[in-house]
Amino acid sequence: TMREIAKLPALAGCEPILRLGNVANNKPDGDKPAITDNGNYIVDLKFTSPIKDPVVAGKQLKDTVGVVDHGLFTGITTAVIIAGADGITVRTP
C-alpha cells in the first residue's frame, strides 16, 4: 500500500513512512509498527512541497486499496489555522 500511495499523482513528492511506536502520538518512539485499535497500520506522509489539490489527493487516497481513511479534512472545515516560525495565520475560503 505504501508503494501505491507514493505513486499517486496528487501526492507527487511525498514519502510514505510507516509510523513506529505508540499509536497515540505523531512521532516515532518505538521499533514496532503503530497499530490502531481496529488493527490497522498508520502511514504518515512527509511532503517536500505543499499538496497542490487536497481534494484530489484525498480522493486518490480513499480509492487506494488498503487505505481506510486519511487526515485531509477537505469539504468539512471553515478555516485553517497555521502555526509557524512567523506566527499564527488563519486562512478561510
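In this model, which is predicted rather than determined by experiment, Asp63 and Lys59 form a salt bridge in which the closest N and O atoms are 2.7 Å apart. Both partners, Asp63 and Lys59, are exposed. This pair belongs to a set, for a search of the whole structure finds four salt bridges.

Another of these pairs joins Asp69 to Lys62, with the closest N and O atoms 3.8 Å apart. Asp69 has a relative accessible area of 54% and is therefore exposed, whereas Lys62, at 41% relative accessibility, counts as partly exposed.

The surroundings of Arg19 can be followed in more detail. Arg19 is placed in the loop between strand 1 (14-18) and strand 2 (43-47), and because its relative accessible area is 9%, which falls under the 20% limit, Arg19 is buried. Its salt-bridge partner is Asp44, and the closest N and O atoms of the two are 2.7 Å apart. Since Asp44 lies in strand 2 while Arg19 lies in the loop between strand 1 and strand 2, the pair ties together parts that are 25 residues apart in sequence. Asp44 itself is partly exposed, with a relative accessible area of 27%.

The side chain of Arg19 also has a polar atom 3.0 Å from the backbone oxygen of Asn25. If neighbours within four places in sequence are left aside, the residues in contact with Arg19 are Asn25, Asn26, Lys32, Pro33, Ala34, Ile42 and Asp44, a list that includes both the salt-bridge partner Asp44 and Asn25, whose backbone oxygen was described above.

Technical notes:
Residues are numbered from 1 along each chain as its sequence is written. This is a predicted model: local features need pLDDT of at least 70, side-chain atom pairs count only at pLDDT 80 or more; totals for chains, interfaces and linings use all residues. Side-chain values use heavy atoms; hydrogens and water are left out. Helices (H or I, at least four residues) and strands (E, at least two) are DSSP runs, numbered from the N terminus. Buried means under 20% relative accessible area, exposed over 50%, partly exposed in between (1.4 Å probe, protein chains only). A polar contact is a pair of N or O atoms within 3.5 Å; within protein, one must be able to donate a hydrogen and the other to accept it, and residues adjacent in sequence count only if both atoms are side-chain atoms. Contact means heavy atoms within 4.5 Å. A salt bridge is a side-chain nitrogen of Lys or Arg within 4 Å of a carboxyl oxygen of Asp or Glu.
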